[in-house]
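Have the model open while you read.

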Amino acid sequence: MKVPLFDVTRQYHELRDEILHVVDEVLGSGRYIMGPNVEDFERQMSSYIGVKHAIGVANGSDALYIAVRSLGISEGDFVVTTAFSFFATASCITRNGAIPIFVDIDPKTFNIDLDRVEEVLRHHPQREKIKAVIPVHLFGRTVDLERLEKMRSDFGVKIIEDCAQSVGSYWIYSNGKIKKSGSVGDLSTLSFFPTKNLGACGDGGMILTSDDQLADFCRIFRVHGARKKYFHEIEGVNSRLDELQAAILRVKLKYLERYHEKRIKIAKTYDELLKSLDLECVETPQAHDDLRCIFHQYVIRVKKNHRDSLKQYLSAKGVETAVYYPLGLHQQRCFSQFKFQPLENTERACEEVLALPIFPELSETEIEYVVKCIDEYFKEARRC
Ligand SMILES: Cc1ncc(COP(=O)(O)O)c(C=O)c1O
């Protein structure tokens, strides 16, 4: 049996008629840039997340870059973020001339450790130059939003939520209130990369904010800084969400909650099957009752140096897996001029994490096969 890590074609075949219909509509309309689909999709997304403004851009990396830019962050400024994330979480800081301060993760959640963020905000020698914190809701798991809000008011720091992997995840506050990731940051960003929970058939991204001024900046920055065509107020870029992608995303948004539920069910099945094997070397994602994780990825920890050999074994059995991420951002060569301190929890995670196949159309038989292969690996080798 072959089990792909992710298969975008299964969703396409399910939605083929609807998608081809809207693609044909857009092509026939002649409105290919900034048309009614972008406008309507922006409206729907702002209401889905619970913010005032949603601004479509070309991809999630640009969304982050523009969000940092909109806060006026530039040379000499510092931004606190996690080292356990995709490259764009940090490059949005350095591309604006600022310096990232990487903070270690909580080993249980893989998310940025908010205790350590607070330590940095309190004690960093140049703390007055720290302008923002960028938490990432990694693998679809929400960072404590209640605490983020408190941190902002306690320290007067701006928050940019990187929600590339978390569209639709939420946090349950101590008073029972529910807020979605992306609704709390001064700005938040989304990616519609095809394998994301809400994935386009190409690139796409979005900036979310409830601040009118920041929204205005982002709206004109994405069209060369011009409110009126050919009259440039700021030196912006060309970063627009494509009309065709917006039309396809509008179709997929209708099914997003159903897709989340399917992923959550798949994660539960993995949890149950893996726990029943009682493997000492395998740790499943931490259980939670204060949040909804939308399982963009289902990531296990494989201990005692078994990760790479298990990955190889699974590959030989036709099971595709991935390592997100093999290196911390503080270890990347392109950031070597910054001379970061080692980050123990991040580096251990890089050695132990293994993402198993997960996407809404994954079948029960496929999940069972993945777990059976994991069981076989440890049995065959009499390890663990
Ligand atoms: C956490 C995180 N941030 C930012 C991005 C960048 O998004 P994009 O690929 O749309 O530029 C990604 C995409 O993989 C991501 O996972």
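Tyr-170 has Lys-180 in S7 as its bridge partner. You're looking at a predicted model, where local features need pLDDT of at least 70, side-chain atom pairs count only at pLDDT 80 or more, and totals for chains, interfaces and linings use all residues. Residue numbers start from 1 along each chain as its sequence is written, and side-chain values use heavy atoms, with hydrogens and water left out.

Back to that pair. Strand S6 (residues 170-172) and S7 run antiparallel, joined by 3 bridges. Here, strands (E, at least two residues) and helices (H or I, at least four) are DSSP runs numbered from the N terminus, and two strands pair if DSSP finds at least two bridges between them. The open sheet they belong to has 3 strands in the order S7-S6-S13, paired antiparallel.

S12 is joined to strand S14 (residues 298-302) by 2 bridges, and the two run antiparallel. Within that pairing, Val-282 sits opposite Val-302 in S14.

Now for the ligand. What surrounds the ligand, and which residues are closest? The shell holds 15 residues, the closest being Gly-60, Ser-61, Asp-162, Ser-191 and Lys-196; to count as near, a residue needs a heavy atom within 4 Å.

| Residue | Atom on the residue | Distance to a ligand oxygen |
|---|---|---|
| Gly-60 | backbone N or O | 2.8 Å |
| Ser-61 | polar side-chain atom | 2.5 Å |
| Lys-196 | side-chain N or O | 2.8 Å |

On its own the ligand has 390 Å² of accessible area, and the protein covers 91% of that (Shrake-Rupley method, 1.4 Å probe). By type, the shell splits into 5 nonpolar, 8 polar and 2 charged residues; Ala, Val, Leu, Ile, Met, Phe, Trp, Tyr, Cys and Pro count as nonpolar, Asp, Glu, Lys and Arg as charged, and the others, Gly among them, as polar. Helix H3 (60-70) and helix H4 (88-94) each supply at least two shell residues, with H3 giving the most, 3 residues.

The peptide bond from Tyr-324 to Tyr-325 is cis, with omega near 15°, and Tyr-325 lies in the loop between helix H10 (307-316) and helix H11 (344-352). Phe-110 isn't a glycine, yet its phi is positive, near 70°; look for Phe-110 in the loop between strand S3 (99-103) and helix H5 (114-123).

Terms used
Polar contact = N/O pair within 3.5 Å; in protein donor to acceptor, adjacent residues only side chain to side chain.
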